[in-house]
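Welcome! Here is a short tour of a protein model, meant for someone seeing it for the first time.

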Amino acid sequence: MIAPTAFCAAGAGEWQIETIRSILGPTLPAAGFLKITDGDAGKNEQSNLWTLRGTAGHARYVTRSETNQLLERQEALGRKGATCAALIPIRKSETWWTLAQDERRSIMEEKSRHFGIGMDYLPAVARKLYHSRDLGEPFDFLTWFEFSPDSASAFEELLGRLRATEEWQYVEREVEIRLTRTMIPQSTADR
Ligand code: HEM
C-alpha cells in the first residue's frame, strides 16, 4: 500500500504560503507555512491549522505513448531554481464520478487536451498528482507544481487554458495556494 502524504498548514515549514484563494467553492483558512509530511504523522498533529492528505498512486488515464512522452520531458520536484510552487486541491462533481473510465478519458484528453496542453509547459513546470477521494478527504485530488520565477507567467497561462476546457465544467471545488520556498531543497524523491 502507498502511504499518504500530508500537506499541513502550520506555523513553520519548507514552503511559505503567499496566497490562498478560492477559484470555485469554499476556500481554506489563511495560514503562514506549509509542511509536507508522512500522512499519518501529519493528521495527528493538533497544531496544524488544516491538513490535506493524498496518495501518489499509479496513473489512470494516460496511454503508453503519453507515458513515454511524460518520462522524456518531465523534471523531478526539488530543483534548486524552482522556488515557486502551487498546491491546487480539486474536487469534481458526482456527474463526473458516475461516468465510465473511457468517458472520463475522452473528456480529459480527446475533448479537453489536458495532457496535450500540459506538455507545452514541461519541463519548466514540475508536477505531482495525489489522489484523495478514496481517503474520504474533502477534495478528490491534490495537485502540486514547482517552477522558477521566470516560468510564473507561463504557469498562469497553463491555468487559464486548462480552466477553459470541458473537463473543468466538472470541477465543483478548486482552491489555489501559492507558495515560495523557505530553504534550499533536500531530496524530495520519496514524496
Ligand atoms: C504541468 C503540466 C501538466 C501536465 C503535463 C499534466 C498532466 C496530467 C496527466 C497526464 C494526468 C492524468 C494522470 C492519469 O493518467 O491518471 C493529469 C491529471 C490531472 N491533472 Fe494535470 N497536468 C498538468 C497541469 C495540471 C494543472 C495546472 C492542474 C490544475 C490546475 C492539473 C490538474 C489535474 C487533475 C485534477 C488531474 C486528475 C484528473 C482526474 O483523474 O480526473 N493538471 N494531469
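In which sense do S5 and S7 pair, and over how many bridges? The two strands run antiparallel, with seven bridges between them. Please keep in mind that this is a predicted model.

Cys 84 is a handy place to start looking. Its bridge partner in S7 is Phe 147, and in S8 Cys 84 stands opposite Thr 180. S5 also pairs with S8 (residues 171–181), again in the antiparallel sense and over seven bridges. S5 is mostly covered, with eight of its nine residues buried.

Now step back to the open sheet, where eight strands follow the order S4-S1-S3-S2-S8-S5-S7-S6 with antiparallel pairing. S4 (50–54) and S6 are at the edges; each has a single partner strand, so one side of each has no neighbour in the sheet. On average, neighbouring strands are turned by 30 degrees against each other, direction ignored.

## Around the ligand

The ligand has 21 residues around it, and Ala 59, Arg 60, Tyr 61, Val 62 and Gly 118 come nearest. By type, the shell holds 15 nonpolar, three polar and three charged residues.

H5 gives the most, with four residues.

Conventions: Residues numbered from 1 in each chain as written. Predicted model: local features only at pLDDT ≥ 70, side-chain atom pairs only at ≥ 80, totals over all residues. Near = placed C-beta within 6 Å. Nonpolar A, V, L, I, M, F, W, Y, C, P; charged D, E, K, R; others polar. Buried ≥ 20, exposed ≤ 12 C-beta atoms within 10 Å, placed from the backbone. Pairing = 2+ DSSP bridges. Axes fitted to C-alpha atoms, helices over the stretch in contact; angles between N-to-C directions.
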